[in-house]
2 protein chains.
Amino acid sequence: MSERPVAGHPIQRLDDDVHQRVRLGVLTVLAGVARADFAHLKATLAVTDGNLGRHLEALERAGHVEITKVIDGRRPRTWVRITRQGRHALRREVEALRELIAGLDGAAEPGD
Amino acid sequence: MSERPVAGHPIQRLDDDVHQRVRLGVLTVLAGVARADFAHLKATLAVTDGNLGRHLEALERAGHVEITKVIDGRRPRTWVRITRQGRHALRREVEALRELIAGLDGAAEPGD
């Protein structure tokens with residue numbers, strides 16, 4: 001192994017704001033729908049209220065989602081939708097992941 | 001949006017031990033080589049000594065890599081290699097990521 005850097009390993013283009021497991025899940029679910037509610041995200045991703053709430057706040061702070069709280073009948077409901085910026089961030093993440101996976105496909109598997 | 005869980009969203013099969021950005025990078029680099037040294041990993045992934053060191057320890061604790069410290073001439077050198085378990089864990093991660101990306105490809109992009 002030389003110590004020369006391999007320019008631009010795809011891992012360098014992954015953004016922790018998007019790559020983190022629950023956040024990537026939220027953006028992935030939202031990419032295909034106009035909006036989703038908190039309960040749907042929670043059930044789909046199999047996470048706790050607290051965990052999902054924290055990651056939604058982080059995604060909102062980063063500008064990747066918009067959160068709207070409404071009263072639906074008599075119960076409060078939290079709607080979440082992906083922003084244009086969030087969609088672009090997800091696209092960059094997926095491009096880096098594709099590149100990373102393509103690099104692996106070309107790698108030998110010595111001694112396995 | 002209904003509250004019915006979508007059974008087995010691929011995000012549920014991502015393991016934080018492997019998915020975390022630097023750890024995924026380490027395993028990806030190691031998958032294609034017999035072993036790599038600390039300096040090579042650091043340069044390839046563009047991370048600090050401290051950050052790489054912490055994630056290597058976590059990967060070693062999880063059984064995904066083996067770390068060997070040797071004296072090479074007069075300087076200490078840290079070699080890292082992926083274990084069979086680490087290779088399997090990386091394969092599971094990549095399978096879940098492929099599925100996640102495939103799901104996105106099929107998703108409409110309303111209003112973008």
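Student: Which helix does A:Glu93 lie in?

Tutor: A:Glu93 is part of helix 5 of chain A, residues 84-105. Keep in mind that this is a predicted model.

Student: OK. Is A:Glu93 buried or exposed?

Tutor: A:Glu93 is buried, yet it makes no salt bridge.

Student: And how far off is the nearest side chain of opposite charge?

Tutor: That would be B:Arg21, 8.4 Å away.

Student: What is A:Glu93 in contact with, leaving aside neighbours within four places in sequence?

Tutor: A:Leu14, A:Asp15, A:Val18, A:His19 and A:Leu24.

Student: Let's zoom out. What's the secondary structure of chain A?

Tutor: Five helices and three strands. Along the sequence they run α-α-β-α-α-β-β-α.

Student: How do the strands of chain A go together?

Tutor: They form an open sheet in the order 1-3-2, with antiparallel pairing. Strand 1 (36-37) and strand 2 (65-72) of chain A are at the edges with a single partner strand each, so one side of each has no neighbour in the sheet.

Student: How many bridges pair strand 1 with strand 3 in chain A?

Tutor: Two bridges, in the antiparallel sense. A:Ala36 is found opposite A:Val80, which is in strand 3 of chain A.

Student: How much of chain A is buried?

Tutor: Buried residues account for 45% of its 112 residues. As for the accessible surface of chain A, that is about 5800 Å², and 49% of it belongs to carbon and sulfur atoms.

Student: Switching to chain B: which residues of helix 3 are buried?

Tutor: In helix 3 of chain B (residues 38-45), the buried ones are B:Phe38, B:His40, B:Leu41, B:Thr44 and B:Leu45. Looking down the helix axis, those buried residues fall within an arc of 165°, so they line one face of helix 3 of chain B.

Student: What do the buried residues of helix 3 of chain B pack against?

Tutor: Helix 2 (21-31), strand 1 (36-37), helix 4 (49-61) and strand 3 (75-82), each of them in chain B.

Student: And what follows helix 3 of chain B?

Tutor: B:Ala46, with a positive phi near 55°.

Student: Last one. Why does B:Arg61 count as exposed?

Tutor: Because its relative accessibility is 68%, and the exposed class takes in anything over 50%. B:Arg61 lies in helix 4 of chain B. Its C-alpha is 10.0 Å from that of B:Asp17, a residue 44 residues apart from B:Arg61 along the chain.

Technical notes: Residues numbered from 1 in each chain as written. Chains lettered and ligands numbered in written order. Predicted model: local features only at pLDDT ≥ 70, side-chain atom pairs only at ≥ 80, totals over all residues. Heavy atoms only, no water. Buried < 20%, exposed > 50% of the residue type's maximum accessible area, 1.4 Å probe, protein only. Helix = DSSP H or I, 4+ residues; strand = E, 2+ residues; numbered from the N terminus. Arc of directions from axis to C-beta. Contact = heavy atoms within 4.5 Å. Lys, Arg positive; Asp, Glu negative; His and termini not counted. Salt bridge = Lys/Arg side-chain N within 4 Å of Asp/Glu carboxyl O. Areas by Shrake-Rupley, 256 points an atom, 1.4 Å probe, with all protein chains shown as cover. Pairing = 2+ DSSP bridges.
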